[in-house]
Amino acid sequence: MPAGPGHGNIVQIECWRVQVRATSTSPLRTLELRQPPGRDDWHLTRVSDE
């Protein structure tokens, strides 16, 4: 059973998956970014060509 807000010790991490191209003819890349709790900076956690 998943824990809802206010139940248990849950850490919330904001995650984004962004697809980018360097130029209009370059391959599409997927970047995965995460923001640690209580921080303003973002961490690049993965780059893939999928």
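I began at Leu 28, which touches Gln 19, Val 20, Arg 21, Ser 48 and Asp 49, leaving out residues up to four places away in sequence. For my own record, a contact means heavy atoms within 4.5 Å.

Before going further, I noted that this is a predicted model, where local features need pLDDT of at least 70, side-chain atom pairs count only at pLDDT 80 or more, and totals for chains, interfaces and linings use all residues. Residues are numbered from 1 along each chain as its sequence is written, and side-chain values use heavy atoms, with hydrogens and water left out.

**Confidence**

I checked pLDDT next, the predictor's confidence in each residue, from 0 to 100. The protein averages 85, and 78% of the residues score at least 70. I then went through the elements: β1 has the lowest confidence, with a mean of 94, and β3 has the highest, at 96. A reminder to myself: where pLDDT is low, the predicted coordinates should not be read in detail.

**Fold**

I found 0 helices and 3 strands, and from the N terminus on the elements run β-β-β. Both kinds of element are DSSP runs numbered from the N terminus, with helices being H or I of at least four residues and strands being E of at least two.

β1 and β2 run antiparallel and are joined by 7 bridges; one pair I picked out is Val 20 with Arg 29 in β2. Strand β2 (residues 29–35) is joined to β3 by 5 bridges, again antiparallel.

**Surface**

I noted an accessible surface of about 4500 Å² for the protein, of which 53% belongs to carbon and sulfur atoms. These areas come from the Shrake-Rupley method with a 1.4 Å probe, and for residues only the protein chains shown count as cover. Of the 50 residues, 10% count as buried. Buried means under 20% relative accessible area, exposed over 50%, and partly exposed in between (1.4 Å probe, protein chains only).

**Two residues of β2**

Thr 30 is found in strand β2, and its bridge partner in β3 is Ser 48. Is Thr 30 buried or exposed? With a relative accessible area of 6%, Thr 30 is buried. Outside its sequence neighbours up to four places away, I listed its contacts as Arg 17, Val 18, Gln 19, Arg 46, Val 47, Ser 48 and Glu 50. Its side chain also makes a polar contact of 3.3 Å with the side chain of Gln 19. By polar contact I mean a pair of N or O atoms within 3.5 Å; within protein, one must be able to donate a hydrogen and the other to accept it, and residues adjacent in sequence count only if both atoms are side-chain atoms.

I moved along β2 to Glu 32, whose bridge partner in β3 is Arg 46. Glu 32 counts as buried because its relative accessible area is 14%. Which side chain does the side chain of Glu 32 join in a polar contact? I found Arg 17, at 3.0 Å. Beyond four places in sequence, Glu 32 touches Trp 16, Arg 17, His 43, Leu 44, Thr 45 and Arg 46.

**The loop between β1 and β2**

Back at Leu 28, I placed it in the loop between β1 and β2. Leu 28 is partly exposed, at a relative accessible area of 30%. I also looked at Glu 50, which is 22 residues from Leu 28 in sequence and 7.7 Å away in space, C-alpha to C-alpha.

Arg 21 is in the loop between β1 and β2 and is partly exposed, with a relative accessible area of 48%. A polar atom of the Arg 21 side chain lies 3.0 Å from the backbone oxygen of Ser 26. Setting aside neighbours within four places in sequence, I noted contacts of Arg 21 with Ser 26, Pro 27 and Leu 28.

Notes: Pairing = 2+ DSSP bridges.
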